[in-house]
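Here is a friendly briefing to read alongside the model. Please keep the sequence and the 3D view open as you go.

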Amino acid sequence: MQNVTPVAIAALALELAPAVLFGCAAEWVARQVERWPVALRLGLPALLVAPYAMVSISQHMFRWMWFALYAALPVAIAWLLMQAAAADAEQRGNWRDALILLVLGLAVDLRWFDRAWPTGLRALNELLLLDAGLYGFLAIRQLTGTGFNFHLKWSDWKTALRELTYFTPIVLVLGLALGFIHPHRNLPGIGSALLRWVAIFFFTAVPEELFFRAWVQNLLERRLGRRGALVIASVLFGLSHFNKRSAHLNWRYVLLATIAGIFYGRAWREHRRVPASTSTHASVDWLWGLWF
């Protein structure tokens, strides 16, 4: 692709680094950050603007407005979540949590900031916002029970396979009945198929499962209980797909995504593990792409 330059690859690496660090050692990172002066804890996430600066300057589309936004928004998230941590030590959920999740969710779903990036590189926006959320919720808020880590366990695979097995006949029957899915075969080589699954796992399933399960469902459980949180998080997940594959409300996609969200949410809450729900999610998207 034309815009995938060495600078863009370097920016991607910069954005992946925080996610990998939190995925491998979130508790250690949180302990280190807690020792820093307040000014440093709040100011550090401003450095997340670096990938935008690198890419936009190299593509001759730098704008101070976007630079200010990407420097200020992560700091604002950290500041609000520091206040939330002080006001809600029991972590039952605070209005600041809801505000941040609403802004992050709408910014991604409605593509508020996409025009800041070159065509083909707009996923960098989502990764940047993901990093801001990770730093705020895990390092500053120190939200417990997220289950976000990359230390996969055998139980993750078992849970993922079970939920995939339960969901598959439902999506097949309902999807075909609604005329939403149409069987076809798009089988690449084994190596390409495996790489596609890995790409879906890290770049689609991980961000969505982190947001809807580790943050949204996790916080809702503290107020509404397991069932209420599962239903609401799944409905929100479904609604986030309203404009996928269509310029208007795609109610079939919303319905199927809502049902899928229930099984992803069940996979997460089994042991409160993002890798479990992410594996189910990635497998569904992967099989969908191969056969429908």
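**Cavity, pocket and core**

Helix 8 and helix 10 each contribute at least two residues to the lining of the largest cavity. This is a predicted model, in which local features need pLDDT of at least 70 and side-chain atom pairs count only at pLDDT 80 or more, while totals for chains, interfaces and linings use all residues. Residues are numbered from 1 along each chain as its sequence is written, and side-chain values use heavy atoms, with hydrogens and water left out. Helices here are DSSP runs (H or I, at least four residues), numbered from the N terminus.

**The cavity**

- The structure holds 1 cavity of 30 Å³ or more, and the largest cavity has a volume of about 30 Å³.
- A cavity is a set of points, on a 1 Å grid over the protein atoms alone, where a 1.4 Å probe fits but cannot get out; lining residues have an atom within 4 Å of a point.
- Grid points are joined across faces, edges and corners, and a volume is the space filled by probe spheres set on the points.
- The largest cavity is lined by Phe148, Asn149, Phe150, Phe201, Val206, Val274, Pro275 and Thr278.
- Helix 10 provides the largest share of this lining, 3 residues.
- By class, the lining of the largest cavity has 6 nonpolar, 2 polar and no charged residues. Here Ala, Val, Leu, Ile, Met, Phe, Trp, Tyr, Cys and Pro count as nonpolar, Asp, Glu, Lys and Arg as charged, and the others, Gly among them, as polar.

- The largest pocket has a volume of about 1300 Å³; a pocket is an open set of grid points with protein on both sides within 12 Å along at least five of seven lines.
- Its lining takes two or more residues from each of helix 5, helix 6, helix 8, helix 9 (251-271) and helix 10.
- Of the 48 residues lining the largest pocket, Val108, Asp109, Glu208, Phe212 and Ser240 lie nearest its centre.
- Helix 8 gives the most to this lining, with 15 residues.
- The lining of the largest pocket divides into 29 nonpolar, 8 polar and 11 charged residues.

**The nonpolar core**

- The largest nonpolar core has 74 residues, and those with the most contacts inside it are Phe22, Tyr70, Trp117, Leu134, Phe137, Phe148 and Trp215.
- Helix 8 (residues 190-239) supplies the largest share of this core, 14 residues.
- Such a core is a set of buried Ala, Val, Leu, Ile, Met, Phe, Trp, Tyr and Cys residues joined through side-chain atoms within 4.5 Å. Buried means under 20% relative accessible area, exposed over 50%, and partly exposed in between (1.4 Å probe, protein chains only).
- Beyond its neighbours within four places in sequence, Leu134 is in contact with Ala19, Phe22, Ala139, Phe148, Leu210 and Trp215; contact means heavy atoms within 4.5 Å.

- Trp66, Tyr70, Ala71, Leu73, Pro74, Ile77, Ala78, Leu80, Leu81 and Ala84 are the buried residues of helix 4.
- Their cover includes helix 2 (38-43), helix 3 (50-58), helix 5 (95-109) and helix 6 (123-140).
- Helix 6 is largely enclosed by the rest of the structure, because 16 of its 18 residues are buried.

**Buried residues to look up**

- Phe113, in the loop between helix 5 and helix 6, is buried at a relative accessible area of 10%.
- Leaving aside neighbours within four places in sequence, Phe113 is in contact with Trp66, Leu69, Tyr70, Leu73, Ala107, Asn125 and Leu129.
- Ser279 belongs to helix 10 (residues 274-291) and is buried, with a relative accessible area of 1%.
- With neighbours within four places in sequence set aside, Ser279 is in contact with Trp157, Ala160, Trp197 and Phe201.

**Positive phi**

- Most residues other than glycine have a negative phi.
- Gln91 is not a glycine, yet has a positive phi of about 55°; Gln91 sits in the loop between helix 4 and helix 5.
- Arg272, also not a glycine, has a positive phi of about 55° and is partly exposed, with a relative accessible area of 27%.
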